[in-house]
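Subject: Structure handover, salt bridges

Hello,

Please find the structure below. My notes on its salt bridges follow.

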Amino acid sequence: MLRRIQVFKFVFLTLVASTLVLASLGLSPLAHAHRFHAGITDISMNPNTGNTEIVHTFMAHDVEALLENLYQRQFDLSDPEDIAVFKKYFEKQFAMADTAGILPLKWVGLKVDPNSVIVFQELEQRALPAQVSIRQAVLTDFLIDQVNTLNITQNGVTQTHTFTRSKREQQLP
């Protein structure tokens, strides 16, 4: 029995020492947690429906951390009540407007997997206005280094815009 305890103690101390050495060298699995925070939004016209489709993709870990931080509890984005909470946050952070005012974006839904949260919206029966103001501030209130890239594809040409904490709103073109 004493021999087993000594072996266990040796293995445990070896693992602890190895982990500390690897962490100090940046080789620990924990050291490889993502070090950047990014989101991508793609906006394009669907010629079959006449709708402007908006697809947002964010890292699941970042969305989970935001919601847990805001509400001090765990969230399950397959639960309708938790989806409603996230939707309310999201619609405050992403909006588009033209000269007449805020555009009526329809929440189509979301898809969640272990790596990402994908939000689907659309502007029904309408092309994106020639001049539009876009607010893309999702996660920029929570993560200081969050970068949201927005791609707009019109007539086969894609324009890319970058949104950050200091640049949450842009007039396009």
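Does R126 count as buried, partly exposed or exposed, and at what relative accessibility? R126 counts as partly exposed, at 30% relative accessibility; buried means under 20% relative accessible area, exposed over 50%, and partly exposed in between (1.4 Å probe, protein chains only).

This is a predicted model, in which local features need pLDDT of at least 70, side-chain atom pairs count only at pLDDT 80 or more, and totals for chains, interfaces and linings use all residues. Residues are numbered from 1 along each chain as its sequence is written, and side-chain values use heavy atoms, with hydrogens and water left out.

A salt bridge here is a side-chain nitrogen of Lys or Arg within 4 Å of a carboxyl oxygen of Asp or Glu. The count by this rule is 4 salt bridges.

R126 pairs with D98 in one of them, with the closest N and O atoms 2.5 Å apart. R126 is in the loop between β6 (116-123) and β7 (132-136) and D98 is in strand β3 (residues 94-98), so the bridge ties together parts 28 residues apart in sequence. Strands are DSSP runs (E, at least two residues), numbered from the N terminus. D98 is buried, at 17%.

E122 and K106 form another salt bridge (3.9 Å, N to O). E122 belongs to strand β6 and K106 to strand β5 (residues 106-112), so this pair links parts 16 residues apart in sequence. Shared partners join K106, E122 and E124 into one network of salt bridges. E122 is buried at 13%, while K106 is partly exposed at 37%.

R73 and D82 also meet in a salt bridge, at 2.8 Å from N to O. R73 is partly exposed at 38%; D82 is buried at 7%.

Regards

Methods. Helix = DSSP H or I, 4+ residues; strand = E, 2+ residues; numbered from the N terminus.
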